[in-house]
Amino acid sequence: MIPTPDLSHLTSRDFDKVYEPAEDTFLLLDALEQDEKHIQAQKPNVCLEIGSGSGCVTTMLAKIVGATNAVFFTTDINSYACQVTQRTGRYNHVSTIESIQTSLVESLLPRLSHAVDILCFNPPYAVTPPEEVGSHGIEAAWAGGIDGRQVIDELLPFIPQLLSPQGIFYLLLINENRPTEVAEIMRTGYNMQAEIMMERRAGRERQYILKIQRPV
Ligand SMILES: C[S@@+](CC[C@H](N)C(=O)[O-])C[C@H]1O[C@@H](n2cnc3c(N)ncnc32)[C@H](O)[C@@H]1O
């Protein structure tokens, strides 16, 4: 069992500016842990987390893959999250994280075309007024606009271009995002395989991990 990354270097002042790991984060960690052997067998070279926040997920992924066995890219629209991601990595002896402040994968394509072996995203998924989407501060952690899908839907068209032939995408969703509809979009619109691999109730939310990859 891989221990959850140590975040004791972060204080409540940090969490005023960056998303504090919560049940959604832990569901994503559990999905990675469940697939640990499969991920290791795949020997990933390039891992990417979009919206890395505290850096907890990427640090855990680096522990699974081996910190020096791959390059770990992260993006976040919030510059403070990029700094904190690096700090969390170093605090947990992972110094191979490259954090980039950008929206989704804007500054990584076409460079990373068909190169990403493991992709993770715990997106801003809350249903909010559409005009709340697009902040560069802490609000970006949750504001998902209509159906909580605005940021998610913006990313979906890039998935086939990003993933390597054996690449896997772990995407966290909640009920309001209509996970079965997202899976159907990936199947029929982008010819990908998509299945709900985990689900869990967290307070009033029902959370899901959608696992997306090319058909075998
Ligand atoms: C729910 S938080 C998840 C943080 C962290 N990955 C975790 O699981 O604890 C969503 C993150 O996505 C980032 N984000 C929101 N919109 C984004 C965008 N367009 N591009 C990149 N990151 C974005 C937020 O700043 C926030 O850090």
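This is a predicted model: local features need pLDDT of at least 70, side-chain atom pairs count only at pLDDT 80 or more; totals for chains, interfaces and linings use all residues.

Reply: Residues are numbered from 1 along each chain as its sequence is written, and side-chain values use heavy atoms, with hydrogens and water left out.

Me: How many residues surround the ligand?

Reply: A residue is near a molecule if one of its heavy atoms lies within 4 Å of it. The closest residues include Thr25, Glu49 and Asp76. The shell divides into 8 nonpolar, 8 polar and 2 charged residues, where Ala, Val, Leu, Ile, Met, Phe, Trp, Tyr, Cys and Pro count as nonpolar, Asp, Glu, Lys and Arg as charged, and the others, Gly among them, as polar. The number of residues surrounding the ligand is 18.

Me: What percentage of the ligand's exposed area does the protein bury?

Reply: A backbone N or O atom of Leu104 lies 2.7 Å from a nitrogen atom of the ligand, and a polar side-chain atom of Ser103 lies 3.0 Å from a ligand nitrogen atom. Taken alone, the ligand exposes 590 Å², an accessible area from the Shrake-Rupley method with a 1.4 Å probe. Of that area, the protein buries 97%.

Me: Is Thr59 buried or exposed?

Reply: Thr59 lies in helix α3, residues 56-65; helices (H or I, at least four residues) and strands (E, at least two) are DSSP runs, numbered from the N terminus. Buried means under 20% relative accessible area, exposed over 50%, and partly exposed in between, with a 1.4 Å probe and protein chains only. Because its relative accessibility is 0%, Thr59 counts as buried.

Me: What is the phi of Asn191?

Reply: Most residues other than glycine have a negative phi. Asn191 is found in the loop between α7 (179-190) and β6 (193-202), and it is exposed, with a relative accessible area of 56%. Its phi is positive, although the residue is not glycine, and is near 55°.

Key:
A polar contact is a pair of N or O atoms within 3.5 Å; within protein, one must be able to donate a hydrogen and the other to accept it, and residues adjacent in sequence count only if both atoms are side-chain atoms.
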